[in-house]
Amino acid sequence: MYKYFSSRALRWMQTMTFAIQEINKRNNLLPHLKLGFHIRDSCDDIPVSLRASLLLVNGQPESVAGDEKTGGNQSFSSGCSAVQRTVSSVIIGDAASGVSMVLLRTLGSFHIPLVSYFASCSCLSNQKEFPTFMRTMPSDAFQIKALARLVSYFGWTWVGVIGVESDYARFAIELFLQESGQYGVCAAYTHFYPVTLNQQALDELLDVIQTASSKVIINFSGESELLGILAEIRRRNITHLQWIASEAWATATSLWAKFGDLLTGTLGFAIRRADVIPGLKQHLTDLRPLHIHKSAFLAEFWEELFNCRLNGSVNRHSHRGDSYFDRSPCAGTEDLDDVYSPYSDVTQLRVSYNVYKAVYLVAHALHDMSDCKAGLGPFLNGTCADPQSFKPWQLIYYMKRADFSILGEKINFDQNGDPIAYYDLVNWHKNPDGSLHLVKVGFSDAFMPAGRSLVINESLIQWPVGKQASRSVCSDSCPPGFRIARRKGEPICCFDCVPCAEGEISNETDSLECSRCSEDSWPNVVRDSCIPKTVEFLSYQELMGILLCVTAVLGACTSLSILVIFLAYKNTPLVRANNMELSFLLLVFLAVCFLVSLLFIGKPSDWLCRIRYPAFGISFAFCISCLLAKTVVVLMAFRSTLPGSDVMKWFGPDQQRASVFLGTCIQVIICLIWLLTYPPYANNNTNYHSATIIMECAAGSEVGFWCVLGYIGFLACMCFLIAFLARKLPDNFNEAKFITFSMLIFFAVWITFIPVYVSTAGKYTVTVHIFAILASAFALLFCIFAPKCYILILKPERNNKKHMMQR
C-alpha cells in the first residue's frame, strides 16, 4: 500500500480558515457575529471520525498536541478540536461518503447539520434518512448520468467498471449500470477492491482487466487507492487503456508524477472550478516555520515538502522511508514560492471551492437568521431563532433555503439539499516538457435538456493512442440493412447481425427490428431503404406486346380479306355450297376474335377487365356455334340424300341462324351472371413476386371464368364429334374433315393453355392467353378457309358443281 500525505486536503483545510477569516472581516455579512472553528483529523477512518465528531458536538475538551483552536461561537469540523468547552453547531465534512453516512446516523438525535464538500454518494440525498445533511458537492446521480452519456457518445458499449469497497463506489456503480443500460452500454466486468490493496487483491483485479476485451475502464475511487493499481499495471506492461475518472480523482494531479505515461488521455468529470478565489493564494503561501511548528498538519506538510525537521515540531511522521530524526533541521529560510506543491496550486480550485462555498452557506444561513423579525419568524407562533443561542435544527431550516451568489455563481439547493450539478469534462494532456495539463474539453449541465446536457469538443481531446477514440465494443455495430439478434445468456451488447427478412429494411445502425415496406415499395439491394416496386403489365411499348398486336391485326385483316374474296365469289358453286351466310358470319367474328386479343394488352382497369373476358367468351362461342351449325348441315345434307329422307327441312337457314343465336345466347347469359355477381377487376398482385407489382385482371369469380371456358370447350367437343362422324362422307369437297382438323388444333392449343395459365403470373399469363386466342383463331381461319381460297384463286377450274359432286 502506498502511504502519502495529502497536500490537497491540507489546502481544503486552509481554504476553510481563509473563508472564515474573510467573513469575519466583512461588514455586510454577519456584522454582529464572529465565526470560530475546531479542526479535527478524521484519518479517513470511521471510528476516528465518529469519536472526533462526538467530542465536537458535546463540547468535551481534549488536549492533543497539534490541536488548532480559535475563539468564536460556531464550530467547523474537518480536522482538529478545541481544548475549550464549546459545542459545535454545524460540521463541515466529511469528504468521504461512507464516513458521512455513519456520522449522520450517529448524530441524528442531535440534529447537527452536516455539510460535506466532497461526499457525492447519491444515497445521501435521502432526506428521510438524512434530514440534516447538505453538501456543496453534486450528487453522484448527476455525475453517473453524465458518465453514461459520455461512454455512449464515443460508442463505448463494452466498458470495465471498478471501484473501491465503499458506499460511494457501490452506489455509484449500481447507478451507472442502470443508467448506462438505457444507452445500450454494458459492463464487461464489475470489480470491487479493498481500500487496503494487498498483492492478492491486486492480482485478482489485474487478471480481470487483462483478460477482458474492454479497453475502457471507469474507476470509482480516490487517488490513494489508484496508486497501487497503476504500479501493478506498469509491472505487467498493460498499455492502451482508456481511463474514465470519477470526480474523486479526475483532477488528482499527484498521480501524474509517477504514472503520467499510463494516464495520458484520461477523461473525467470534475466539479465546477473557481478561476480564482481572491487572496487565497497569498493565504496558502504565507506560511513560515515560526507560525507552523505547533500545528501537526502544517508541520508534517512542511517537513515532508522540504525534507527537514522543525525545531519543536509536534510531527513525528515520515513518508520518505527514512527516519524522521535523521533529517537535518530546517534552515528557516524555506519558502513555498520556491517549490511546486499541490497545496499551493490554485489552478484547479474545485474541492477547495466547495469548502469555500460550504463556509459561506453557513454564514448566509446565520445572516438570514439574524434578519428575522419578531412575529414574522418561520417557527412556532412566528418566533425567530436567536443567532447568539439557537438550536441546530433552526440553523438547518435556513441553510436549506439559502439563496446567494459567490464569485459570480448563483448558489441554491434542491429539496434534497443538493446543489445544481455542473461538471467540467477534463482531459489529461501531456505537455511537451512531460508535465500534466488538465484541459477542459466539454461540460455537463444538469439544467439543460437531456439531449443537450453534454457538450464535447472532440478536437481538443488527446487520446492514449492515436488521434481518435479507441473502440470498445463486445460486438461490432450492425449496419443498416441488418438487425440485432441477441445472444442467449450474454449481455445485450453482445449480439449477432442478421440481415433483414425479405420485404423489410432497417435504415439505422444497430436496429433492434426491421420495418416492413409498404405495399407499393420494396427494399433496395442493401435493404436500408424502400424503393417503389417495379410495375409489370403487358404493354404496347415492349417487344412482346408489339409482336402480339401486329399478329392480332394481321389475323383480323386476313379474316376480312378472305371475307372480301368470298363476297367476290359469292355466286360460285364453292361459296354457295359451303353455307355462304354462316361463312360470312364466321369470318366476321374470327376478325373480332383477333381484335379481342388487343383488349389483353395495356394497363388493366376495371372497365377493361369487365369487357375483356366476356368479349373473348362471346366471340369464340359465336365462332364455334357457326362451325357447329355448318357441321350439322354437312352431316344432315348427306343424310337427306338417302331415299325417303326429308331431314333437311329442319335445318334450313332460319334454323341455322337460330342455332347460332341460341349457342351464343347461353354464353351471353353466363357472362351476365358473372358480371352481376362477382365481376373481373383490376388488381395489383404482390404475392407472386414481392419486388414487383403485377397489374392484372383478376377473374373475380373463378367459377365464372372456368364456366366461360368450359362452355366454349363444350361447343368445341360437340362440333368435333359431329365433324368426326362426317369426316368420310363421299363428297369430293367435304368441309367436315377440315372442321375436324381445326378442332384438333383448337383442343391442343387450349389443353396446353390451361396448365401454363395456372402456373404463370403477370404479363406472361396474359401473353399465354393472347397466344391461345390467336393460335386457335388462326387454326380455324386457315383450316377452314385456306383450302377454299386455294381453289377460288389458284384453281378456279375446280370451282364447279360437277367437280364438287364427284366422289
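How many helices and strands does the secondary structure of the chain come to? In this predicted model, the secondary structure of the chain amounts to 22 helices and 24 strands. The chain has 807 residues, of which 53% count as buried, and its accessible surface comes to about 37000 Å², with 58% of that area belonging to carbon and sulfur atoms. Among the contacts in the chain that link residues at least 6 apart in sequence, 67% join residues at least 24 apart.

The largest nonpolar core holds 133 residues, and the members that touch the most other members are F220, W243 and M399. Helix 12 supplies the largest share of this core, contributing 13 residues. A second, separate core comprises 72 residues, including L582, L598, W674 and I712.

Helix 12 spans residues 351–370, and its 20 residues reach 29 Å from the first C-alpha to the last, which is close to the 28 Å expected at 1.5 Å a residue. Of these 20 residues, 18 are buried, that is, under 20% relative accessible area, and helix 12 is therefore largely enclosed by the rest of the structure.

The surroundings of W243, one of the residues that touch the most other members of the largest core, can be described residue by residue. When residues up to four places away in sequence are not counted, W243 touches I162, I217, N219, L226, I229, L230, I233 and W249, and also L262, L263, T266 and L267.

Terms used
Residues numbered from 1 in each chain as written. Predicted model: local features only at pLDDT ≥ 70, side-chain atom pairs only at ≥ 80, totals over all residues. Heavy atoms only, no water. Helix = DSSP H or I, 4+ residues; strand = E, 2+ residues; numbered from the N terminus. Expected span 1.5 Å × (residues − 1). Buried < 20%, exposed > 50% of the residue type's maximum accessible area, 1.4 Å probe, protein only. Core = buried A, V, L, I, M, F, W, Y, C linked by side-chain atoms within 4.5 Å. Contact = heavy atoms within 4.5 Å. Areas by Shrake-Rupley, 256 points an atom, 1.4 Å probe, with all protein chains shown as cover.
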